[in-house]
Amino acid sequence: MKLESGLIFPFSYMGETLLGELLRHWERLLIGLPYGLNPEEYLLLHMDSGRIGILRPPKEFIPPDSFQRLLKEYKAWMSTNYDKGFMGFLKYAAESLNEEDAIYHIRGSIRKDSNTEREALNWGLKWHLILHLFHESLKEIHETQELLEGARLTDPILKEAIFEDDQVEHILRDLSDMDLKEYIPSERLKEALDAWFGLFGAHIKEQESLLTWEEEVVDLLLGNEELKGEKVSEGLFCYSLSPDFEANLPNSALLKGKKIYLVKVQHRRS
């Protein structure tokens, strides 16, 4: 029996094989996409049939028109200054970018706005920058996994040309069993979770269940909470959070009383 509807978090990208596995468990999936990101082509058919719905952040979090330029600056800056965080980037932008650049446009546009509007714009910009970079990283990991899975198909050629039989088997096995935590540290995943809750928290109250496919996400949310997942079906586990659930991350209190589903699939990135 399929579950009726589930909201995916905190990911906005998945491979086709993983998508098929998710649709095996749910009648309808909801995916939160920050502004500036478009659905992958293989999602469009499922969107037309109604099996996939796209959610956007509230309008008060829409980034400025110059967002793509800011994103480019942010990516370049973060590559060498990741430890300084978003506020460090704002300081750099104010000191280094030209008057015509986006950061000045943002500051000028909010002078006449209320403190609440200014705060929403700043937080919305931060969360969008974080989730755009997170999305790109996920896509790179998935595409790399697809290449490694493809390498398995050329296994016989590699064996004959370069390696001993047991060597190539060992190499391909190690490479194709990548874990998210090997490429995205826990602190960065926490940052992505915080940004996701910030942009899409308003949609959570309308959903009974949310789903993810990385066990580390569940671990980060639960913290020291001793809550075991109930096996729903093969590869699917459910964590039922109580109404007085002690949230381990900022804004994760939104999950109180919700059901969190963990999908475990062997080749989830291909």
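**Sheet, helices and buried contacts**

Biologist: Which residue in E6 is the bridge partner of Ser 233?

Modeller: This is a predicted model in which local features need pLDDT of at least 70 and side-chain atom pairs count only at pLDDT 80 or more, while totals for chains, interfaces and linings use all residues. Residues are numbered from 1 along each chain as its sequence is written, and side-chain values use heavy atoms, with hydrogens and water left out. Helices (H or I, at least four residues) and strands (E, at least two) are DSSP runs, numbered from the N terminus. In E6, Ser 233 has as its bridge partner Leu 236.

Biologist: How many bridges join E5 to E6?

Modeller: Two strands are taken to pair if DSSP finds at least two bridges between them. E5 and E6 (residues 236-240) run antiparallel, and Glu 230 stands opposite Cys 238 in E6. The number of bridges that join E5 to E6 is three.

Biologist: Which residue takes a positive phi in the hairpin of E5 and E6?

Modeller: The hairpin has two residues between its strands. The positive phi is near 80 degrees and belongs to Gly 235.

Biologist: Which strands are the edge strands of the sheet?

Modeller: Seven strands form an open sheet with mixed pairing, in the order E3-E2-E1-E4-E7-E6-E5. An edge strand here pairs on one side only. The edge strands are E3 (52-55) and E5 (230-233).

Biologist: By how many degrees are neighbouring strands of this sheet turned against each other on average?

Modeller: Axes are lines fitted to C-alpha atoms, for helices over the stretch in contact, and angles run from 0 to 180 degrees between N-to-C directions. For neighbouring strands of this sheet, direction is ignored. The average turn is 30 degrees.

Biologist: What angle does the direction of H9 make with that of E1?

Modeller: H1 (residues 16-25) lies across strands including E1 (3-8) and E2 (26-32), and runs at about 130 degrees to E2. H9 (residues 186-204) also packs on the sheet, where it touches E1, E2, E3 and E4. Contact means heavy atoms within 4.5 Å. The direction of H9 makes with that of E1 an angle of about 155 degrees.

Biologist: Within what arc do the buried residues of H3 fall?

Modeller: Buried means under 20% relative accessible area, exposed over 50%, and partly exposed in between (1.4 Å probe, protein chains only). In H3, the buried residues are Phe 67, Leu 70, Leu 71, Tyr 74, Trp 77, Met 78 and Asn 81. They line one face of the helix, because the arc of directions from the helix axis to their C-beta atoms is 140 degrees.

Biologist: Which residues are exposed on the other side of H3?

Modeller: An α-helix has 3.6 residues a turn, so residues three or four places apart point the same way. On the other side of H3, the exposed residues are Lys 72, Ala 76, Ser 79 and Thr 80.

Biologist: To which backbone nitrogen does the side chain of His 128 reach?

Modeller: His 128 lies in H6 (residues 115-153) and counts as buried because its relative accessibility is 0%. Residues up to four places away in sequence aside, His 128 touches Pro 34, Tyr 35, Pro 57, Phe 61, Pro 63, Phe 67 and Leu 199. At 3.1 Å, its side chain reaches the backbone nitrogen of Tyr 35.

Biologist: How far apart in space are Ser 252 and Gly 201, C-alpha to C-alpha?

Modeller: Ser 252 is placed in the loop between E6 and E7, and its relative accessibility of 0% means that it counts as buried. Not counting residues up to four places away in sequence, Ser 252 touches Phe 197, Leu 221, Phe 245 and Ala 247. Ser 252 and Gly 201 are 51 residues apart in sequence, and their C-alpha distance is 8.8 Å.

Biologist: Against which elements do the buried residues of H10 pack?

Modeller: H10 (residues 215-222) is mostly covered, with six of its eight residues buried. Among them are Val 217, Leu 220 and Leu 221. The buried residues of H10 pack against H9, E4, E6 and E7.

Biologist: What share of the residues of the chain count as buried?

Modeller: The chain has ten helices and seven strands. Of its 270 residues, the share that count as buried is 47%.

Technical notes: Polar contact = N/O pair within 3.5 Å; in protein donor to acceptor, adjacent residues only side chain to side chain.
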